[in-house]
Amino acid sequence: MNKFLFVIIFFLLSISISAQVPAGYKPVKDTAAFKQQMQAQSKLVNTIESDFTQEKYLSVMSEKIITKGHFLFKKVNMLRWEYTDPLKYLIAINKDKMFIKDNGKVSKYDINSNKMFKSINEMMVNTVQGNLLNNKDYKAKYYENEKFYLLELSPLQKGAKDFLKVIQLYIDKKDYAVVKVKMIEPSDDYTMIDFSNRKTNQPIGDEKFIVK
Amino acid sequence: MKNLLLSSFIVLFLYGCSLGHYEKLKSTLKPESVALHSLFGENFNSFLFKTNIRVYGKDFSGLLVTKQMQPNDYRVIFTTELGMKLFDFEFKDTSFTLHYCVPQFNRPALLKTIQKDIEILLMNETKNKTAEVFINPKDSAFVYKFKDSKLDNYYFLDKLSRQIYRIEHAKKNTKKITFDLNNYSDQFPSNIMIKHHDIKLKIELNLLKK
């Protein structure tokens, strides 16, 4: 009887353990090698240009909120994130300056003056570059399937934990590009961003990161 | 003759002053003959707005989504453009539930104010109450008055389309909040401007999708 109970408990435990691994993925064995590869690839990229589709899932709503746009990134620390459909809204980061263009009005902020802007900046720039894996504010788990690496980052700081349960980064195995980001809130509502038409190392003028 | 003219002007002027904004409205005899329809309808629809909130010089912007869950039960969620949820409200009959709120927004006075604005717009409270119906002398169109605790909500209708083009939340003759509903398309205003008269708060809603 005890043996039977043991089997059941073991069975249940193994289910709960395997449930933590996302379906279709298995843990990465050599995480050090993966991190090294990721960093080496990221060093080769100086500019990124891409379209994106953002999907906001709210459990109480029957439909997802879909917004689309275009983004540009240039080393070091220049980012232009622009929504074009169905709304027009632009955030540009240029080193320590941040611009927001909304309703035709441009607001300019000093990133260092505001803790929230600073963390938005760090998160956006690091996400695009896949640099979050060295960030001490997150605990990382590494998974893979045939096509993708899947990085799961859980915030460790209390402030971030309030609104973020985990960030999932889907990374293409062939070029180590971040193809999808999913930010899951404690309530399991999430924001998913899919990148498409990605081009790297095309010349992008600095003026794209100044908004007037 | 000159004195008479002057005194009649004074009388007229004083009379004009003594009649407040809302006292000029004329009562109608048959209020039950025209029903006031709720703006958000009864089809369990959801509405998505680009939203700007300006409070004491600080700007918040994002996406506001409303969804009718049951008759008289609405969920209203505000997120940033980047997807971060700022607040999640539920209005059911006359009760209110705060499901979620980020710490930056969690100020009782601010939350209560925004809650009131949305409540007036959703018109849940109008469903179980009888309105006093008036005629606006300006354009001979209907105005519906609902008691809202010690204050009143006035819904001004356009004469031809019968669509609500203005809502005023007032204490006696003092306007507290005004709502301007502009650019109707398919029975719904594509722009809503909410202005508070006793605090520095403005909310603009632009419809993106319904």
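**Close-up views of a predicted two-chain model**

**View 1. The contact between chain A and chain B.** The contact draws on 19 residues of chain A and 19 residues of chain B, two residues being in contact if their C-beta atoms, placed from the backbone, lie within 7 Å. On the side of chain A that touches chain B there are 10 nonpolar, four polar and five charged residues. Here Ala, Val, Leu, Ile, Met, Phe, Trp, Tyr, Cys and Pro count as nonpolar, Asp, Glu, Lys and Arg as charged, and the others, Gly among them, as polar. This is a predicted model: local features need pLDDT of at least 70, side-chain atom pairs count only at pLDDT 80 or more, and totals for chains, interfaces and linings use all residues. Residues are numbered from 1 along each chain as its sequence is written, and chains are lettered from A and ligands numbered from 1 in the order in which they are written.

View 2. Strands (E, at least two residues) and helices (H or I, at least four) are DSSP runs, numbered from the N terminus; two strands pair if DSSP finds at least two bridges between them. Strand E3(A) (residues 65-74) runs antiparallel to E4(A) (residues 78-85), with seven bridges, and Lys74(A) stands opposite Met78(A). In their hairpin, which has three residues between the strands, Asn77(A) takes a positive phi near 65°. Six bridges join E4(A) to the antiparallel E5(A) (residues 89-94), where Ile93(A) stands opposite Leu79(A).

**View 3. The surroundings of Val76(B).** Leaving aside residues up to four places away in sequence, Val76(B) touches Leu64(B), Thr66(B), Phe89(B), Phe91(B) and Ile118(B).
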